[in-house]
Amino acid sequence: MSNNIGAASSNDGPESTKLAFELDRNVLALKDVFVDCADVNFRPVTAANGTRACLVYIAGVVDTKELSDNALRPFVEAFAAAPEAGDSLAKQLSESLLSVPSSASTPLLSDVVRELTEGGAALLLDRCGEAVVLRVKGGMRRAVEQSTTEVNIRGPKEAFTEDVHTNTALLRFKLKTPQLKIAATTVGEQTQTTVYVSYLHGVADPKVVQDVQERIRAIRIDGVLESGYIEECIEEHPYSPFPQLQYTERPDTAAAMLLEGRVVILVDGTPSVLTGPITFWQLMHSSEDYYERYFIGNLLRWLRYAFLFIALYLPALYIAVTTFHQDMLPTSLMFSIAASREPIPFPALIEALIMEVAFEALREAGIRLPKIIGQAVSILGALVIGQAAVQAGIVSAPVVIVVSLTGIASFTIPKFNFAITVRMLRFPLMLLASIFGVYGIVLGTVWIVIHLCGLTSFGVPYLTGLTPFRRSDQKDIFVRAPWWAMVLRPSFASRNRRRMNDKKPPQGGESREGATSP
């Protein structure tokens, strides 16, 4: 049975007592625990020899077919003669007579209650101080589908689901090794949410694994409904806008993180799994960087870095140049911008803020509305509002172009939580640019860099690879080296760094045996 490491519950209630030898007393005790719970079913059962029992389960969360075929029918037909009363009856049923793949006997009412709330069933027996708990979790759950938040052209299409056991199976399909360890804990006094900490033994750093497990055990909360609860409770810098864990819906991405020595945290009830430790550079990488040939992957990666600077700095540069540094522009362009801004009653900062806030609102509305309507609203809204604002003389045409380019650039950032961070930091940079010009942008950049240098993820510096500089990690930061050249795993996450031999592939017309082809 799993241990609750969430908020501790009281041990004075009836659910912490031992089971009685009388069936009716045990049924009444369970009914007291589940009072006003209409979905908890108590089904009386009598075996062929007259042995009385009661099957207890919660409707909708168990596999009723498995419960009927592998528990009810074998019990009814189990005994040709009356068995001896006592705890051995429950043990005999769980070990040999019932055909449920996972079953056990327990003398504690608290174990029975926990098993029922986790999607199992319990068989209470007359003249027996133990119950048989049956792991027959089922019910209606979403099937494995394609990820809707991490779309890819090349690579696996399957995604995690809300069922944590399905998610662990998807990881097992990717990593067929006993070195894949999955440690289970339970968090949340009311939700009793199962949390799995997964890692590759012999590859992951044991100190990092222990640190992750200890932080999860330290959580005291009444409920966990999504992995974001766990993320906020275990991150080292809760007031930083930068994410310190990565979340993904894709099993291949999670498996790749495990192979690099990172830890994967799976939470029951959500398709988003957490991975850590992470670095700044990892947030700019996409799975397709590794599935396409390295020329293509590097081109896409450089494009993302270029648009990262556009998404972060372009509005601030527009404000600084048009307000303080007009001499930085070519003369014709300066006259064109000045002519377009002449009828505008607002300064450049207010002008840019109006369009930025309108764009963010349209983006948020497009996400919250139904998919078909949301796309139409976001596209038509941007066109109509932008054109109407220019014609009304509220904003100029150049600022509409700047905001549009900024919005498009933010869409190229592969990780959603990092893209939001960039969108947030854009506004203080705009404010600094309106006060100090380009010097304000430099001051904001210095603050961001200093903040990044002080960040860590499970003890790993956020800018590892660049500061502290590690030459071996340069093969997968700004460029992605060919797979045959990436012999070592990242230095910050793994204990066993070597992941392949350092033998180069045959060149030119050479065969694998070293002979030259005719």
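Q: How many helices and strands does the secondary structure of the protein come to?

A: In this predicted model, the secondary structure comes to 16 helices and 12 strands. Of the 518 residues of the protein, 47% count as buried, and among the contacts with a separation of 6 or more, 67% are accounted for by residues 24 or more positions apart.

Q: Which residues touch the most other members of the largest nonpolar core?

A: The general idea is that in soluble globular proteins nonpolar side chains tend to be buried together. Here the largest nonpolar core holds 42 residues, of which Phe242, Phe280 and Phe418 touch the most other members. Two or more residues of this core are given by each of helix H10 (294-323), helix H12 (348-368), helix H14 (397-411), helix H15 (416-436) and helix H16 (438-454), and the largest share, 9 residues, comes from H10.

Q: Which residues does phenylalanine 418 touch, not counting those up to four places away in sequence?

A: With those sequence neighbours left aside, phenylalanine 418 touches Phe242, Pro243, Phe280, Leu283, Met284, Leu308 and Ile413.

Q: Which residues point one way from strand S5, and which the other way?

A: In a regular strand the side chains alternate between the two faces of the sheet. In strand S5 (residues 131-134), Ala131 and Val133 point one way while Val132 and Leu134 point the other way, and all are buried.

Q: In which sense does strand S3 pair with S5, and how many bridges join S4 to S5?

A: Strand S3 (residues 103-106) pairs with S5 in the antiparallel sense over 4 bridges, with alanine 104 standing opposite valine 133 of S5. Strand S4 (residues 121-125) also runs antiparallel to S5 and is joined to it by 4 bridges, and there the bridge partner of alanine 121 is leucine 134 in S5.

Q: Where does arginine 127 lie, and what is its phi?

A: Arginine 127 lies in the loop between S4 and S5, a hairpin with 5 residues between the strands, and its phi is near 60°, a positive value in a residue other than glycine. With a relative accessible area of 43%, arginine 127 is partly exposed. Aspartate 36 likewise has a positive phi near 60°; its place is in the loop between helix H1 (23-33) and strand S1 (40-46), and at 79% relative accessibility aspartate 36 counts as exposed, because the cut-off for that class is over 50%.

Q: Is the peptide bond from glycine 276 to proline 277 cis or trans?

A: The bond from glycine 276 to proline 277 is cis, with omega near -5°, and proline 277 has its place in the loop between strand S10 (273-276) and helix H9 (288-291).

How values were computed
Residues are numbered from 1 along each chain as its sequence is written. This is a predicted model: local features need pLDDT of at least 70, side-chain atom pairs count only at pLDDT 80 or more; totals for chains, interfaces and linings use all residues. Side-chain values use heavy atoms; hydrogens and water are left out. A nonpolar core is a set of buried Ala, Val, Leu, Ile, Met, Phe, Trp, Tyr and Cys residues joined through side-chain atoms within 4.5 Å. Buried means under 20% relative accessible area, exposed over 50%, partly exposed in between (1.4 Å probe, protein chains only). Contact means heavy atoms within 4.5 Å. Two strands pair if DSSP finds at least two bridges between them.
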